[in-house]
Amino acid sequence: QLQLVESGGGSVQAGGSLSLSCTASGRTLVDYAMGWFRQAPGKEREFVATISRAGTSTMYADSVKGRFTIARDNRKDTVSLQMNKMTPDDTGVYYCAATSSMYFKPGDFDSWGQGTQVTVSS
C-alpha cells in the first residue's frame, strides 16, 4: 500500500550536482527507515545511503561518503539525496526504498519506487 515515486534524475557533467526526491503516498513515512540504492548498467543493485525514522542517523556507501547527503522531511513524506562532485561511476538507475524494521540492514528494505535515471558524463 505504501507507494514511492522518485524524481529529479537527469544528465550532468562530471563534477556537477543533482538532487533526487522520493515522495510517499498511501502511508506516512514516520514509521519507515528510508534508503537510496542504485543499479549501474550490467551491475547488481547496490546500497547508497540510509536514514533512520527520525532522521537522526545516516549511513553511506564508501563510494559516496562525503559527496552525497540523504535527508528526510516527515512532514512532507519525502526523502532526498543530494549528490555532489559526481563522477561517471555514479551513473545508474536510483531507487528509493523503505523498511518498517526497527533494526535493519541494507537488505531489509522491502518497499521500492520505480527508479529514476542518473547519467554522469566525463
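1. The count of disulfides in this structure comes to 1, a disulfide being a pair of cysteine sulfur atoms within 2.5 Å. In general terms, a disulfide is a covalent bond between the sulfur atoms of two cysteines. Here C22 is joined to C96, with an S to S distance of 2.1 Å. The link of C22 and C96 is left-handed, with -80° about the S-S bond. Distant parts of the chain are linked by this pair: C22 lies in strand β3 (residues 18-25) and C96 in strand β9 (residues 92-99), 74 residues apart. C22 and C96 are both buried, where buried means under 20% relative accessible area, exposed means over 50% and partly exposed lies in between (1.4 Å probe, protein chains only).

2. On the basis of the note: this is a predicted model, in which local features need pLDDT of at least 70 and side-chain atom pairs count only at pLDDT 80 or more, while totals for chains, interfaces and linings use all residues. Residues are numbered from 1 along each chain as its sequence is written, and side-chain values use heavy atoms, with hydrogens and water left out.

3. The secondary structure of the protein chain comes to 0 helices and 11 strands. Helices (H or I, at least four residues) and strands (E, at least two) are DSSP runs, numbered from the N terminus. Along the sequence, the pattern of the protein chain reads β-β-β-β-β-β-β-β-β-β-β. The protein chain has a radius of gyration of 13 Å, close to the 14 Å that the globule rule gives for 122 residues, so it is as compact as a globular protein of that length. The radius of gyration is taken over C-alpha atoms, and the globule rule is 2.2 Å times the number of residues to the power 0.38.

4. Taken along the principal axes, the C-alpha atoms of the protein chain fill a box of roughly 40 × 25 × 25 Å. Of the 122 residues in the protein chain, 43% are buried. The accessible surface of the protein chain comes to about 6,400 Å², and 48% of this belongs to carbon and sulfur atoms. Accessible areas come from the Shrake-Rupley method with a 1.4 Å probe; for residues, only the protein chains shown count as cover. Among contacts in the protein chain with a separation of 6 or more, 58% are between residues 24 or more positions apart, contact meaning heavy atoms within 4.5 Å.

5. The largest nonpolar core has 32 residues, and those with the most contacts inside it are L4, M34, W36, L81, M83 and Y94. Two or more residues of this core are given by each of β3, β4 (33-39), β5 (46-51), β7 (68-73), β8 (78-83), β9 and β11 (116-121). A nonpolar core is a set of buried Ala, Val, Leu, Ile, Met, Phe, Trp, Tyr and Cys residues joined through side-chain atoms within 4.5 Å.

6. Y94 is placed in strand β9 and counts as buried at 0% relative accessibility. Leaving aside neighbours within four places in sequence, the contacts of Y94 include E6, L20, W36, R38, F68, L81, M83 and V118. F37 is also one of the contacts of Y94. The C-alpha atoms of Y94 and F109 are separated by 14 Å, and these residues are 15 apart along the chain.

7. The structure holds 5 aromatic pairs. Rings of Phe, Tyr and Trp (its six-membered ring) pair if their centres lie within 6.5 Å; planes under 30 degrees apart count as stacked, over 60 as edge-to-face and the rest as tilted. The ring centres of F37 and F109 are 5.4 Å apart and the planes are at 70°, so the pair is edge-to-face. This pair links distant parts of the chain, with F37 in strand β4 and F109 in the loop between β9 and β10 (111-112), 72 residues apart. F37 counts as buried at 5% relative accessibility, and F109 is buried with a relative accessible area of 6%. The rings of F104 and F109 are also edge-to-face, because their centres are 5.5 Å apart and their planes at 75°. F104 counts as partly exposed, at 27% relative accessibility. One aromatic cluster is formed by F37, F47, Y95, F104, F109 and W112.

8. Backbone angles at two loop residues deserve a remark. Most residues other than glycine have a negative phi. D77, although not a glycine, has a positive phi of about 55°; D77 is found in the loop between β7 and β8 and is buried, with a relative accessible area of 15%. K85 has a positive phi near 50° and is a residue other than glycine. K85 lies in the loop between β8 and β9 and is exposed, with a relative accessible area of 59%.
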